[in-house]
Amino acid sequence: MYVMPENFVWGAATAAFQAEGGLDCDGAGESNWLRFCRQPGRIKNGDIPTTGCDQYHLFREDVALMKRLGIGAYRFSLSWARVFPRENVLNEKGLAYYQSLVDALLEAGIEPYVTIFHWDLPQYIEDQGGWRTKDTSRKLGDFASFMAKSFGGKVRHYFTVNEITMFTAAGHNGSGMAPGLKLPRQDIYQTIHHGNLAHGYVAQALHAAAPHAEIGIANNPGIVVPLFETAENIDAARRAARFANAWRHTAIEEGSYPDEFLEKAGSDAPRFTDEEMKVISTPTDFTGFNVYTGNYCTADSESPQGFKLFPGAADHPYMDLSWLRVVPTSIYYGAKFIHELWGKTTYVTENGCSSADTLGDGGEIYDSGRIEYLRNYLRNLQRATAENIPVKGYFVWSLLDNFEWAQGFAPRFGIVYTDYATRKRIPKWSARYYSECIRSNAVL
Ligand code: GBH
């Protein structure tokens, strides 16, 4: 038996813009992602999550479903534009939605894990410069403070921001995320710095407004794993991981941008003050990391850095998206290296995959590929816990099929199938698998 530690948190995750729908309901404001979706050609098939999964209306059903599956924790994010549709104008109904969701979860015995920011920025903030200005970082801190106060003691776990590079670099370097800009390299590094800073301001705001809560980031550090486990390759992978994350995650953990990075970036390096670096490295209780894949590495005495990275081989197994290379050891090495490099306890804030799920004749979704993917990753996570690497919990991405950003509704990441025509939820076989693992607190 691959047993998990006592009190291990078995969770499921979604994000507001991907799962809520209700984007034109009850006075919700426009976000930069909604504006982006409205621009022709931005999103595959022109999909737009105005209704989508409609968790905004169906949250009680989703909470009941999680309860049936035995899920102990729900990670969801807040739509800033739903709560503040215009600058400093509170939408009571938007706030009430999140309060009702928290209450419903607690009533069902499911612990709420709130992500303050998962990419959807109010359009009025975007119009004022978005992530190109540090005002946005400060304003996100204020929003976090407001929300933590309105939840009072009910929410005991917070994630600051989700995947800094995705709402900064990928939105400003032509990679197809909102707001869809293509800026010079210095500006891109500057947006990342502002994202790092936003994490810091949110961490400070939450420490002050919710001193009872544990807080940390949900980031996406690039994960490097040894191609095979010799002591030299493990050591090389650890160093490569620190280097690969220099400007995105290492800075948050260490309070400075590593010299090698600053030298390489030259005049394009982000501009920052010592004071800002203190904010960025505000102490937190844990590091959350999203993990889907990893890069292979070996020691290499010929290269100046002492390591060599490998692209995936042409016949390497992939799940249903071009970037979803199956690298099960990435979850083990993610937890191990974050602990060894920076002494942090971790949560796996996202792990999962899309697969080409179809509704079978009997109304079943037989997703053996996803079960195999989850089992392999979870066994590697179990290995980490068995070696006393501190991992507090795991959130499967995702509870249900939802809006996969620029890829629209086509990729299906859920352990529960969403029938978008009827908004019906149908648990896949992987949901039954996950549920059984939870019940036995072991990886089956
Ligand atoms: C996470 O992002 C998000 O937090 C979540 O909202 C999302 O639904 C989930 O994962 C599944 O994607 O240049 O083609 O190699 C994952 C973000 C997506 C970042 C893929 C890197 C590589 C694209 N990752 N991306 S490619």
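Reader: Before burial lists, what makes a residue buried, exposed or partly exposed?
Author: Count the other C-beta atoms within 10 Å of a residue's own, with C-beta placed from the backbone: 20 or more is buried, 12 or fewer is exposed, and in between is partly exposed. This is a predicted model, so local features need pLDDT of at least 70 and side-chain atom pairs pLDDT 80 or more, while totals for chains, interfaces and linings use all residues. Numbering starts from 1 along each chain as its sequence is written.

Reader: Good. Which residues of α7 are buried?
Author: T136, S137, K139, L140, G141, F143, A144, M147, A148 and F151. The helix itself covers residues 134-151. Elements here are DSSP runs numbered from the N terminus: helices are H or I with at least four residues, strands are E with at least two.

Reader: How far does α7 reach, first C-alpha to last?
Author: 26 Å over 18 residues, close to the 26 Å expected. The expected span is 1.5 Å times one less than the number of residues. G152 follows α7, and its phi is positive, near 60 degrees.

Reader: Zooming out. How many helices and strands in the protein chain?
Author: 17 helices and 15 strands. The radius of gyration is 21 Å, close to the 22 Å from the globule rule for 444 residues, so the protein chain is as compact as a globular protein of that length. That radius is over C-alpha atoms, and the rule is 2.2 Å times the number of residues to the power 0.38.

Reader: What box do the C-alpha atoms fill?
Author: Roughly 60 × 50 × 45 Å, along the principal axes. Of the 444 residues, 52% count as buried. Take the contacts between residues at least 6 apart in sequence: 78% of them join residues at least 24 apart.

Reader: On to strands. Is β5 enclosed or open, and why?
Author: Strand β5 (residues 157-162) is largely enclosed by the rest of the structure, because six of its six residues are buried.

Reader: Which way do β4 and β5 run?
Author: Parallel, joined by four bridges. T115 has F159 in β5 as its bridge partner. β5 also runs parallel to strand β6 (residues 214-219), again with four bridges. There, H157 stands opposite E214. Strands count as paired when DSSP finds at least two bridges between them.

Reader: And how do β13 and β14 pair?
Author: Antiparallel, over four bridges, with β13 at residues 416-419 and β14 at residues 424-427. T418 faces R425 in β14. The two strands form a hairpin with four residues between them. R423 in that turn has a positive phi of about 65 degrees.

Reader: Switching to the ligand. Which residues surround the ligand?
Author: A15, Q18, N162, E163, M166, N290, S322, W323, E350, W397, E404 and F413. The criterion is a C-beta atom, placed from the backbone, within 6 Å of the molecule.

Reader: W397, OK. What is the peptide bond from W397 to S398?
Author: Cis, with omega near 15 degrees. S398 sits in the loop between β12 (391-397) and β13. A178 and P179 are also joined by a cis peptide bond, omega about 5 degrees. P179 lies in the loop between α9 (169-172) and α10. Most peptide bonds are trans.

Reader: What is T14 in contact with, beyond four places in sequence?
Author: A19, F76, S398, L399 and N402. T14 is in the loop between β2 (9-13) and α1 (16-19). T14 counts as buried because it has 26 C-beta neighbours inside 10 Å.

Reader: Last one. What is the phi of N7, and of D26?
Author: Both are positive: about 65 degrees for N7, about 50 degrees for D26. N7 is in the loop between β1 (2-3) and β2, and with 9 C-beta neighbours inside 10 Å N7 counts as exposed. D26 is in the loop between α1 and α2 (32-37). With 14 such neighbours inside 10 Å, D26 counts as partly exposed.

Terms used: Contact = placed C-beta atoms within 7 Å.
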